[in-house]
Structures are given as structure tokens and as C-alpha cells.
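Here's a friendly walk through one protein chain, picking out a few spots worth a look. Have the sequence and the 3D view ready.

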Amino acid sequence: LGDVYKRQMQIKDFLQQIAESIALAIEIDTQVFDRYCNRVAGTVFQPLPPIGGVIRDVLKTGQPRISASPGADPACHFCPKQGHCEEFGFIHYPIIYDNQIVGVMGLICFDERQASKLHDQSHRLSSFIERMCEITQIKLKENDIAQKEKEMLQDVQLQNQILNQTISQISDGYIFVDRNGFIRNYNHQAFRILGVTEKAIKAQNISVSYTHLRAHET
């Protein structure tokens, strides 16, 4: 899960934009927590209790929690803030990625007006938060793919560097082309043998360069 935490931090700005957009649209504050109960983004800072609480229960069970009555949720009974909580209601949904619970996104009501809205529109608001969690999942996947592509490119570049270092030590001339006929690797012995410059064939298609080389030979 450590890698997922790193990915969440990499999309922290995106999550902050999501939180601000939610709060602007429905006028209820939003927070996002990671798997380790660290606040990743939000429009309000509401620290978690040291033990217990609804968010830890969502992280443990993967089940969403909705309540418009402070202290009514069973998980609240084990919270140190029981009896003096500042929240008037909440909706908390798990963020699931790769079949693992990696965080929680939720709405937090701090007055009766917000709690009344949550009570009257609980189905719509819970569906909305669920959809935002799905969008977060997609973003994590996109970030994961981008990171893997970056790592693959780095591996290819390293292998290419090793190949260039190897063929540079060979006395024979070597030119390597890809499946599309573009020249990708070569050594300086090839330039000397063929009597051409690196600029003349670098990143050229072999059909173009071959015509040039044949003309040079004649």
C-alpha cells in the first residue's frame, strides 16, 4: 500500500481541486484521507481522533457511512469526541484502488443547515461522493500507467546507452534500425567505413540513408 500512498500524494493537487469543487457545488466541506488516516486534501481541517471514529471504520470495513445525527453512528460510540463532537452530520465513502481500500472521501456538516441538506438529499449527495471516489480511482490508474510508462522509457534509455557503449568498442561498423526502418543505434566505425557523417544518417529512415550511401559509393 506504500506505493498507492505515493500515488495519492502525486495527485494531491487533483484531489484538492475535487474537494474544492464539491464544497463549491453543494456548500458542504470536504476532506480526503489516505489509508493511514493522513489528510490528503480538503476544504476544512478536521483532525481525526487518536482512536476509533467513523473514518477508521470505513477504512476497515469498506462500507460507506451516512448520518445526519451527530453521534448516532455506531462507530461514534468508540470515539473520544463522543458527546462533544463538532460535526452535525457526514457522508464518508471509501476510495478503492486495485481491490484495496486506499482512502476515504467525505462530506462534513458543521451546522444544522448543512445537516438538513444532507438529510433531505442523502441519496443524491451519497451518489455524488461515490462518483467522485470513482473519478479518483481512474486518476490513480492514469497516474499508475504514466509512471510505468516513464519507468519503461528509462529502462529503454539505459539499455540503449549500454548498447551504444558496447558497440562503440567494436572495430566493425554497426548500424541498427527499428521495425519501421529508422536508424536508432550506430557506432563511429560505421561512419569511418562508409565515409559519411553522423548527421547524414542520424534518425533517418534506412531507405533514405541507403540511397545516400549507394550514391556515395559510386
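Leaving aside its neighbours within four places in sequence, which residues is glutamine 114 in contact with? They are Glu27, Ile28, Asp29, Ile108 and Cys109, where contact means heavy atoms within 4.5 Å.

Before going on, a word on what you're seeing: this is a predicted model, in which local features need pLDDT of at least 70, side-chain atom pairs count only at pLDDT 80 or more, and totals for chains, interfaces and linings use all residues. Residues are numbered from 1 along each chain as its sequence is written, and side-chain values use heavy atoms, with hydrogens and water left out.

**Glutamine 114**

Glutamine 114 sits in helix α4, residues 112–120. Helices here are DSSP runs of H or I with at least four residues, strands are runs of E with at least two, and both are numbered from the N terminus. Glutamine 114 counts as buried because its relative accessibility is 7%; the cut-offs are under 20% relative accessible area for buried, over 50% for exposed, and partly exposed in between, using a 1.4 Å probe and protein chains only. Its side chain reaches the backbone nitrogen of phenylalanine 110 at 2.7 Å. A polar atom of that glutamine 114 side chain also lies 3.1 Å from the backbone oxygen of glutamate 27.

**The chain as a whole**

The chain has eight helices and seven strands. Of its 218 residues, 37% count as buried. Take the contacts between residues at least 6 apart in sequence: 52% of them join residues at least 24 apart.

Threonine 30 is in strand β1. Threonine 30 counts as buried because its relative accessible area is 0%. Leaving out residues up to four places away in sequence, threonine 30 touches several others, including Ala19, Gly42, Val44 and Met105.

Which residues of α3 are buried? They are Val54, Ile55, Asp57, Val58 and Leu59. These buried residues pack against β1, β3 (65–67), β4 and β5 (100–109). Just after α3, glycine 62 takes a positive phi of about 75°.

**The largest pocket**

About 360 Å³ of space lies in the largest pocket. On a 1 Å grid over the protein atoms alone, a pocket is an open set of points where a 1.4 Å probe fits, with protein on both sides within 12 Å along at least five of seven lines, and lining residues have an atom within 4 Å of a point. The volume is the space filled by probe spheres set on the points, which are joined across faces, edges and corners. The largest pocket is lined by 25 residues, and Val54, Cys76, Cys79, Cys85 and Glu87 lie nearest its centre. β1 (29–34), α3 (54–61) and β4 (89–97) each supply at least two residues of this lining.

Leucine 140 is buried because its relative accessible area is 1%. Lysine 141 counts as partly exposed because its relative accessibility is 43%.

Notes. Polar contact = N/O pair within 3.5 Å; in protein donor to acceptor, adjacent residues only side chain to side chain.
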